[in-house]
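Please keep the sequence and the three-dimensional view at hand while reading.

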Amino acid sequence: MSGQTDLQNPKPGRWQPAVTSDPLLGKHGTLGQPISRIDGPLKVQGKARFAAEVPYENLCYAALAYSTIPRGRLTRLETAEAEKAPGVVLVMTYRNAPRMKAPSLMMSSPTAAGASDLPVLQNDEIHWNGQPIAVVLGETQEEADYAASLIEADYDLLPAVTSFAEAKKTPRQLDTLLGEPPILEIGDAEGALRQAPVQVDHIYRTPRHNHNAIELHAATVAWTGNELRVHDASQLLDLTTGQLADIFGIDPGKVHVTSPFVGGGFGGKCLWDHQILACAAAKLAKRPVRIMLSREGVFRIVGGRTVTEQRVALGANADGSLEALIHTGVVAMTRHNSCPEQFTFPARHLYAAKTFRLAQEVADMDMLANTFMRAPGESVGTFALECALDELAEKLGLDPIELRRRIEPRQDPTSGKPFSSRHLIAAYENGAKEFGWHRRNGTPGQQRDGEWLIGMGCATATYPYYRFPGGAVRIRLTIDGRATVSTAVHDMGMGTATAQAQHIAVRLGIPLEHVTFEHGDSRLPRGVIAGGSTQTASIGGAIIAATEVLTEELIKLAGNDSPLAGLTLGDVEIGNGGIVHKDDASRFESYESILRRSGRHDIVCEAQAPQPSEVATFSMHSYGAQFCEVKVSEITGETRVSRFLGSFDAGQILNAKTATSQFKGGIIMGLGMALTEETNFDERSGRVINASLAEYHVPVQMDVPDIRILYTNSPDPQAPMGARGIGEIGITGVAAAVANAVYNATGKRIRDLPITLDKLM
Ligand code: MOS
């Protein structure tokens, strides 16, 4: 017999973080253990099934043909040769594709998930260079690929904006910058800048970047009648489920999406055309379909980070205090996506200044929809801001860390809210000590090893805390003291399941081996997206709510013969394998004892996270200090990063091992951003011309030095588990730390990423 709360209508949690800290904080003290990932053994044995590995009878394989113009109409689409090719099951174009609704754009409603809102293969219109124009299904991948190469197309070209230089001449004002005002002005910053004794005022540029997760975007899909089964590689499977139902006009209950393992997701493993095309083709062929994009395919149809041009101007007094902080600029965007690359966000929270002007615009282009990519906004915004701070420190003759100490704000400098928890200066001090910052020579070009000029640089890392509402968690506790906790969230390799299993073990006071964490299945209680470094805190909020319900249900079950008789939720604590009176440890009963006496085998509870009220009251951000040492060859201009250290203040760390990996991964991605990564976009045709890993250079082993990670491990009193997100902050500040180190080594300021050899020659 099962104790069952109303699973259809999960109770909202009552815990209000802005009022009380997570009751777990300071009680058990065993969060953070460096446990190895629980999915590790499955992965190293090849037993973890990824989206493109799920077996199906009668499966066929999809290949795509892509447009070669940026904007226009198809005038001829020749598919006869492809249809006759060996092993071809069918060719789908706009002429025979099933009618489908266009995706709704992410953030246009709480359930929308489209990375773009353009219709998918419904007409002859072309909106970007690389848009899919046909899907070929083959008996094998090779047959499908070959047949796709036989498709020919002619077009009527329409005028297209493919030059950023042209597009930014007529910028568009944004209505909103991800819910924040796009222009933030405090005082007369331009006037204050002009009058400030010391000024820096420069333009910084960052290029386009593409998503290059190890696992290519893939899905295996099958229809049974009107029911759709999708094995996806996803970071928002609940939204994908609802969206596919909407696109195909079926009940959401008829769509089942799973994504138990993902081979890396950084904002790009969302709903793009390929899943929709696979579902449509499977419907047409009446067979299961597998689509796995080629690496080129990912460049053609999965958007990445957009190009930015940013101005940072700082007006300072001789002591470093800021009279003016100006951060403005423009990014390229399309009218069909929701990612404005909010590079002005860091300047809203990092430093005290008397006046501010923070404003950004977009320049619309005819290109693939750009999207979220690890720390969208903050990654490129910190490049500009943190380089400018370094330039200012030099002009003032101040150590860059000392400058940051002098402009450390007491409260959020633009909203005026108190910080929930902020230890940026401590992060700098810890990092400086460990890195040997005192050995840096403030005058550039003074240190060398043969042809190699050596320099050190530092920069601030920052990323906001947020928690998505609506996530639900189900806890099933059995009489043998085991718990299964279920929610439709994601583990893309970052350790979600491991960290949450640890968290639950500590919260319930049961051994880790007794915890099962179920995730990655849309049929589980509704989860949240894995995005914006919000998933961990969001799950935490839902788990707190579910344990509150569980505690109340257990007290009810315990009844009058229990030491807990007459107690309510407010009187007790949960943990140590049972429930105990807060002030009287003798009033304790174990879960097992409660279930046994009430004749139950298990109890099941479900609840939803409370609304995130904490960010309305507090300025909540994670911080860090990035330290870099480079060697730059005087002969070739080559930059080698010789040492790196990231010192973070991200609240309570839940698993020292997986967290360190997250920070390191972010830093490595930041090294790519600093030195090598750049999507080459042909401004004449709008075509990405380096659509392969041979020509788009991500860091490889030899590019990555020893990276040390430190963290303050100071629990944030306003966050569930005291933990703020850690997925994205690692990349922020890295490019600036590298650029500042390059300057310290060579005396050359590179304000235009990536810092390639030619710029240093
Ligand atoms: Mo992150 S860019 O929200 O995966």
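The structure is a predicted model.

**Salt bridges**

The count of salt bridges comes to 49. Three of them are set out below.

| Salt bridge | N to O distance |
|---|---|
| E139 and R287 | 2.9 Å |
| D201 and R311 | 2.9 Å |
| R205 and E309 | 3.3 Å |

E139 counts as partly exposed, at 38% relative accessibility, whereas R287 counts as buried at 13%.

Strands β10 and β15 supply the partners of the other two bridges. D201 lies in strand β10 and R311 in strand β15 (residues 308-316), so this pair ties together parts 110 residues apart in sequence. D201 is partly exposed, with a relative accessibility of 38%; R311, at 19%, counts as buried. R205 likewise lies in strand β10 and E309 in strand β15, so here the parts tied together are 104 residues apart in sequence. R205 is partly exposed at 38% relative accessibility, and E309 is buried with a relative accessible area of 17%.

**A three-stranded sheet**

An open sheet is formed by three strands in the order β6-β4-β8, with antiparallel pairing. Its edge strands, β6 (125-126) and β8 (152-157), each pair on one side only. Strand β4 (residues 72-78) is joined to β6 by two bridges, and R73 has E125 in β6 as its bridge partner.

**Aromatic contacts**

The whole structure contains eleven aromatic pairs. The ring centres of Y204 and F383 are 6.0 Å apart and the planes stand at 90°, so this pair is edge-to-face. It links strand β10 (residues 198-206), which holds Y204, with helix α10 (residues 378-396), which holds F383, across 179 residues. Both Y204 and F383 are buried.

For F648 and F663, the ring centres are 4.1 Å apart and the planes are at 5°, so the pair is stacked. F648 belongs to strand β28 (residues 639-649) and F663 to helix α17 (residues 656-675), 15 residues apart. F648 is buried, with a relative accessible area of 0%, and F663 counts as buried at 0% relative accessibility.

One aromatic cluster is formed by Y428, F435, W437 and F627. Charged side chains also meet rings: R208 lies over the face of F681, at 3.8 Å from the ring centre, and R749 lies over the face of Y743, at 3.8 Å from the ring centre.

How values were computed: Residues numbered from 1 in each chain as written. Predicted model: local features only at pLDDT ≥ 70, side-chain atom pairs only at ≥ 80, totals over all residues. Heavy atoms only, no water. Phe/Tyr/Trp six-rings, centres within 6.5 Å; stacked < 30°, edge-to-face > 60°. Helix = DSSP H or I, 4+ residues; strand = E, 2+ residues; numbered from the N terminus. Buried < 20%, exposed > 50% of the residue type's maximum accessible area, 1.4 Å probe, protein only. Lys NZ or Arg CZ within 6 Å of the ring centre and 35° of its normal. Pairing = 2+ DSSP bridges. Salt bridge = Lys/Arg side-chain N within 4 Å of Asp/Glu carboxyl O.
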